[in-house]
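Here are my notes on this model, in numbered points. Have a look at the structure first, and then we can go through the details together.

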Amino acid sequence: MEVAISVRNVSKVYSNNIRALSKVSFDVYKSEIFTLLGPNGAGKTTLIRIIIGQLEPSEGEVYVLGVSGRDFLKSDVRLKVSYVPQENIIWRNLTVEENLYLIGSMYKIPRRVLKEKVKELLIDFELFEVRKRLAHKLSGGMERKLSIAMALINDPEILILDEPTAGLDPRARASMIASIEKLKKLGKTILLTTHIVEEAERLSDRVAIINYGKIIDIDAPSNLKTKTCGIEVLELLFKELNNEILSKVTSTIHEKNIARAGDKIVIKENNFNEVIENIRSNEYLSSKILALSVRKSNLEDAFLFLTGRFLRGE
Amino acid sequence: MIMAILRIMISKFKSAIRSKELYVYIIGFPLIFMLIYGSFAWALYSEIQPITIGYLNMDKECSYKIGNSTYHINYGEDFYRYLKELRYEETNVNVFKIVNVSSREEAESRVGRLEIAAAIQVPIGFSNNLTRALESFTYYSLAGILNSRAQEAYENGNYEEANKYWSALAELSEFANASFSIRINLIGDPTYSKAMQAYELCWKYLVSYVISKSKSFTNLYAEYLSKKYNISIEFSNETLSLSIEQSFQVAFHRIGGGGLKESFTKMYFAILVPGQIIQSVMMSGVSVISMIYVEIERRLIERIKLTKVSSPEYIGGVLLSWGVVALFQSTILLLSAIALGYVTLTADITYYFLSIVVIVTAGILTASFSLTVASFVRSEISNAIIMIMLITLSLIIAGYFPIPNPIIGELFGVKFAALDIAPWRRAIIALRKLLMLTSIYTPIDVLPDLLILFLWTIIYTIISFITFSLMILKKRE
Ligand SMILES: Nc1ncnc2c1ncn2[C@@H]1O[C@H](COP(=O)(O)OP(=O)(O)OP(=O)(O)O)[C@@H](O)[C@H]1O
Ligand SMILES: [Mg+2]
């Protein structure tokens, strides 16, 4: 498989001594969707900014289509990469259409070609109706779509999306996910970041779990799940989970098969029935338990077992 | 290249004029200033502070006789002492701080350096003319009284008494047909507000000086006549002030050129309106910097770096767009000033063409300055910082206050002054000449200002290119 982006041993310490990345290495292959999954402050944005040549790594190097980060902005390779930051990049006082034309003219696309392209993108991203509207009057979802439409004006080979669904309502999110799937079908290489597991699972060919600036694991979502927590997990939700409850529930279970997060206990690779029986027969535990389910494992569980943290800031 | 610059320019212009912020600087600030200053035209000048003026006395002593006494007088010197003693009402503060100058050249160069607000030049025949004037005023004050007294005595049959008055009137009549014009010259720069203040004060105090002189001269003469003819003369010289004002003149001489006769109000707006226009252009720097700040914060700049746009194209587009914004602002302000009756138009379009050049340049200059600041200061308060910088600068250079301005060099016969480091000053001066004082200045008179404005704008633009490219566009953090 051809490598599109290669990250080699990258560390980043900001000038205020915050270590945002430690020895990060991975490759993104052409035409795949590669997701960086990690909680707030994990270092996702930092990594992306290093990839597009805006930040200098303290250590290590990145290569995009074979060009090193040092030369990226000077090389024509940059024209094959588009980037949509976490914040929407739009000119707020221009209309939807004007935004597309401006970014297109920055790529020096001939006017006639650009006109076609703009129309196509407006239709694809359901923005045609609002093309004359000022960008700052758009809804969050439309703003996001415009940002991504703008990123596609130059037909990039590689598309980097930093939290493309952040701040969107469920409907807008679903439509954004559909758009990204469409892009994948077109054979684009997509690097995206998210802290939403459903998205990562649904969209990604491979996921890198990143926590405190370190890559914990990289694999296909299904592998990550089964590898770290098997096919199914038992999830218990208690009212005011405390150490007493914890020890009563888990006394017979191996420590590495238990993860606790808030009032929730997740148990993997065990005889779940035994645990459930144990709770049912204990009056105190029965009175404290709110929910109990055996369900398929997901990336959230994988993340929890790998890092001991929640992904979402719950 | 050109197309890219133009497209960026157009989009930035659109963005700018759609942002509400700009309207605060176009319409809010300057219009409020204009209205306040406009309706209290003199309030600006009411500060209790001596105004420094030069004094060049070219007057020759003259003499006159009353009866057997001969008086020698140099009114030029006397007027100097009079001005020197003047105090603001109810204070101990002198109205003038007077500096002696020995030639017109010296006066002009000190005015040019803003050492003095203007220079009073008392012409050669001042004493002689003033004496003729005093005699004439005395005639008009006394003739009527003597005549009616004589008439009265005659009608009462008191012929001896009547005769005395008639004799006195006959002696007075030698003053009847005196011709005179009391004139002093004021040498100054009409684009500079302090000069206008001096102009206003000169009028005021020349009038009061002449009135006081004529009162004492009339008294002296009345006393002489009453003694000689043994008559009593009761008169009031309160009526004097009305007739006197038509008989004299303070001629304003602009430095390096001819004289002018403009009304004070017109001169006042000539100072005010262009100052406000350029100040509002300067204030648009706040919009420039917030736009740049937003582009940096929202990573638009990072995005732009991935496109084909080069730094010169981007910066060029930004700078030009603010030139056009400046034009837009100025048009609105100028139309408002015309509507308020502050400005009258001229037919010669050369003036307007050059004005457009000046305004666009001032806009580019402002944007360059702001880009340079944006290269170093990047925080939410950057617009507050630049606002403070620009307000301070604009007050220094608008010419509302006297600030020392030494000449620091010369090129092609054009003198560079220290304040030219803030080249907006030249833009204001040029606009004063081009938009307001068209009857006094020709377009040629603006060339030195334009030259200096251009040179400094080029320097600022180069600096902004370098700093903004290095610090923002080319930098890997
Ligand atoms: N310019 C900067 N200067 C100093 N520290 C920074 C800077 N940018 C980010 N950081 C710090 O680096 C760490 C990683 O931040 P980063 O933005 O890369 O995380 P992230 O994974 O993108 O988080 P989020 O999900 O909130 O976007 C954080 O602790 C952050 O505070
Ligand atoms: Mg981030």
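1. Let's begin at the metal. In this predicted model, the magnesium ion (ligand 2) is coordinated by OG1 of A:Thr45 and OE1 of A:Gln86, at 1.8 to 2.3 Å. Donors here are N, O and S atoms within 2.8 Å of the metal (3.2 Å for Na, K and Ca); water is not among the atoms, so the site may look incomplete.

2. Where do A:Thr45 and A:Gln86 lie? A:Thr45 is in helix H1 (residues 44-51) of chain A, while A:Gln86 is in the loop between strand E6 (81-84) and helix H3 (96-106) of chain A, so the pair ties together parts that are 41 residues apart in sequence. Helices (H or I, at least four residues) and strands (E, at least two) are DSSP runs, numbered from the N terminus.

3. A:Thr45 is buried, at 18% relative accessible area, whereas A:Gln86 is partly exposed, at 34%. Buried means under 20% relative accessible area, exposed over 50%, and partly exposed in between, with a 1.4 Å probe and protein chains only.

4. Now to strand E8 (residues 189-194) of chain A, where 6 of the 6 residues are buried. In a regular strand, side chains alternate between the two faces of the sheet. Both faces of E8(A) are covered: A:Thr189, A:Leu191 and A:Thr193 are buried on one side, and A:Ile190, A:Leu192 and A:Thr194 on the other.

5. From E7(A), the chain crosses through helix H6 (residues 170-185) of chain A to E8(A), in a right-handed β-α-β crossover. Right-handed means that, with the strands pointing away from the viewer, the path from the first strand over the helix to the second runs clockwise.

6. For the overall picture, chain A has 12 helices and 14 strands, and 58% of its 314 residues are buried. The C-alpha atoms fill a box of roughly 75 × 45 × 40 Å along the principal axes.

7. Some bookkeeping: residues are numbered from 1 along each chain as its sequence is written, and chains are lettered from A and ligands numbered from 1 in the order in which they are written. Local features need pLDDT of at least 70, side-chain atom pairs count only at pLDDT 80 or more, and totals for chains, interfaces and linings use all residues, while side-chain values use heavy atoms, leaving out hydrogens and water.
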